[in-house]
Amino acid sequence: MTAPLLDVQDLSVEFHTDGGVVHAVSHADMSVPESGILGLVGESGSGKSVTSLAVLGLLGTRRARITSGRILFRGEDLLQKSPAELRALRGRHIGLVSQNALSALDPSFTIGAQLVEVLRRHQRLDRRTARARALESLQLVALPDAERRLRAYPHELSGGQRQRVVIALALACRPELLLADEPTTALDATVQKQILDLLLSLNAELGTAILVVTHDFGVVSHLCRTVTVMRRGRVLEAGTTERVLTAPEHPYTQALVKAVPRLRLGADERAVPRQQRRLPEFTEVLTAVEG
Amino acid sequence: MIAVLRRLGSTVLVLLGVSLIVFLLLQLVPGDPARAVLGAGATQESLAAVRAQLGLDKPLAVQFLDYLGGLLRGDFGRSLTVNQDVSQLLLPRLENTLVLTGAALLVCLVVGIPLGILAARHQYGLFDRISMFVALAGACVPVYWFGLVLVGVLGLSLDLLPTSGMYNSRNPGGFEDLLAHLVLPAFTAALVPLAVIARMSRSVFVDVLQQDYIRTLRASGLSEASILWRHGLRNALPPIVNIVGLQVGYLLGGVIFVEVVFGWPGLGQQLYTSITQRDLPVVQAGVLFVAVAFVLVNLLADAAVGVLDPRSRRAVRA
């Protein structure tokens, strides 16, 4: 068996706040194989986004500290790299599709200018070639009227189109790994489906491995081959998506799976009069399973 | 287009209002201009004759319309103390004031904005704390006091720079001489607006650096320099330009004190002299110049924001 593309081992991240130390991630392990798609699932504050930022070396604030572990990317520990080495890696080998498509693009520059800058930063291209490559990237994410969109500003695009541009930007230099942090949260349902399909097709066409951070099991079941469940900074369960969704082992995962609203109700649920039907509160389910 | 016209229309209204207020304010000032012309021993007849000559015996509304008509023809009246047209008296001084204000503004921009940006970049670091404390202290210092301290230390004790007067760049001393005379008054006038611009730039920048797109840029592997000076500055500029526009107004007001302290032969010094001599037409014109300059600078700032921010560009086009 070949080594995974991304291998996070025993990662712990702390935040030193005025109110004391917060253990955002505690001894977490996860791995993304070459061309694989891993879903990292958990509620807000479970440490999933912090994990993905740690991979990029973008924890940023001086309050964040990585206290244990290794983040191996193609066998090299990212935690040992200098800021300059990490900058060369970001965008070139690891791309980020961030949470909020509406605010993830610089409003003062055209789409083309942003793509061209990233391409020229990593690939020493002249302006004309970079522009041609930028256009290719927009066509790759199936943005309609791509040629004209190069000259457009982010506010001139719809939410779904902007998310396509964010993906194009992350993929411009054809990185081996894409980190998608809640890639569909800010979008409406039909557009969500399109973006998920786009990620799937890019994975199939380019072989780009994807780490999807999400709280949505719908996204996981649509996209991911394997899934890791996190809560309060700890990994509770990991396995193939099918196994975790159909036969979750950890009570918390069972609660999460049960809390997903379904379109088709079971016979016992249909028996309840419509006015009295309600979705179980997550905490109720959790108390029920955890006893 | 409509938005631009609307903005220009409102500017005209503001200017009209400003000229009305300037006109009325000086009606409220105690003292009789005719007596200022003739002196305390004047007879009633000669006072009445001068009032008639100056048009002061007409109703207020008529006086205002006469005044406004004069303004539109470029006629600001005649000085009561110097036998000269107000425009002739003030124009060379306006030029001197613009030189001083321009130099002070340059100091504000070149020092204030980078200071704010670097403080934001190192938020809560030592540089941030020290520079922002100094800026806060600077914003609290009275301009004339700071001017006197500079005169005392750099001018008199160390004898580094001339402490008063100004030589026109066309005079024998040339540009270097002008610069030497400009340094102290320009820094004095710049102090408070510089402090405000530095502090506001910092807070605008702190906000910009927390935006999602900055994280996208970092995740794309762009250099810190590009993120800060290209993307950060470009996004922070519209609010900073607005702040600078407002600070120019403060600068124009502060320059009056600075000109008096440093003997700079500008509009402010003339205003000061004319106020003490109750030379109303000169005061009116001087105040109007300052007010018009303030309104025009802010119009310019709005136009610059429109050009800088693509979102408002579309709003203007629509």
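This is a predicted model: local features need pLDDT of at least 70, side-chain atom pairs count only at pLDDT 80 or more; totals for chains, interfaces and linings use all residues.
Colleague: What makes β1(A) and β2(A) a pair?
Modeller: Strands are DSSP runs of E with at least two residues, helices are runs of H or I with at least four, and both are numbered from the N terminus. Two strands pair if DSSP finds at least two bridges between them. Strand β1 (residues 6–17) and strand β2 (residues 20–32) of chain A have nine bridges, in the antiparallel sense. The pair therefore passes the cut-off. One bridge partner of A:H16 in β2(A) is A:V21. Two residues lie between β1(A) and β2(A), and the strands form a hairpin.

Colleague: Which strands stand at the edges of the open sheet of four strands, and why is one side of each left without a neighbour?
Modeller: The order is β2-β1-β4-β5 in chain A, with antiparallel pairing. β2 and β5 (76–77) of chain A stand at the edges, because each has a single partner strand. β4(A) and β5(A) pair over two bridges, in the antiparallel sense. That is at least two, so they count as a pair. In β5(A), A:E76 stands opposite A:F73. Helix α1(A) packs on the sheet and touches β1, β2 and β4 of chain A. Its direction makes about 110° with that of β1(A).

Colleague: What is the order of the sheet of six strands?
Modeller: The order is β6-β7-β8-β3-β9-β10 in chain A, with mixed pairing, and the sheet is open. β6 (94–97) and β10 (234–240) of chain A stand at the edges, each with a single partner strand, so one side of each has no neighbour in the sheet. On average, neighbouring strands of this sheet are turned by 15° against each other, direction ignored. β6(A) and strand β7 (residues 177–181) of chain A run parallel, joined by four bridges. A:V97 has A:A180 as its bridge partner in β7(A). Helix α6(A) packs on the sheet, touching β6 and β7 of chain A, and its direction makes about 170° with that of β6(A).

Colleague: Why is A:L58 called partly exposed?
Modeller: Count the other C-beta atoms, placed from the backbone, within 10 Å of the residue's own: 20 or more means buried, 12 or fewer exposed, in between partly exposed. A:L58 has 16, so it is partly exposed. A:L58 lies in the loop between α1 (48–56) and β4 (64–73) of chain A.

Colleague: What does A:L58 touch?
Modeller: Contact means C-beta atoms, placed from the backbone, within 7 Å. Not counting residues up to four places away in sequence, A:L58 touches A:L53, B:R215, B:R218 and B:A219.

Colleague: How many residues of chain A are in contact with chain B?
Modeller: 24 residues of chain A are in contact with 17 residues of chain B. On the chain A side, α3(A) gives the most, with four residues. By class, that side has eleven nonpolar, seven polar and six charged residues. Here Ala, Val, Leu, Ile, Met, Phe, Trp, Tyr, Cys and Pro count as nonpolar, Asp, Glu, Lys and Arg as charged, and the others, Gly among them, as polar.

Colleague: What makes α5(B) oblique to α11(B)?
Modeller: Axes are lines fitted to C-alpha atoms, for helices over the stretch in contact, and angles run from 0 to 180 degrees between N-to-C directions. Under 35 degrees is roughly parallel, over 145 roughly antiparallel, 65 to 115 roughly perpendicular, and the rest oblique. Helix α5 (residues 86–121) and helix α11 (residues 267–276) of chain B pack at about 130°, with their axes 7 Å apart. That angle makes α5(B) oblique to α11(B). The contact residues include B:L90 of α5(B) and B:L267 of α11(B).

Colleague: What elements does chain B have?
Modeller: Chain B has 13 helices and zero strands. Of its 318 residues, 34% count as buried.

How values were computed:
Residues are numbered from 1 along each chain as its sequence is written. Chains are lettered from A and ligands numbered from 1 in the order in which they are written. Two residues are in contact if their C-beta atoms, placed from the backbone, lie within 7 Å.
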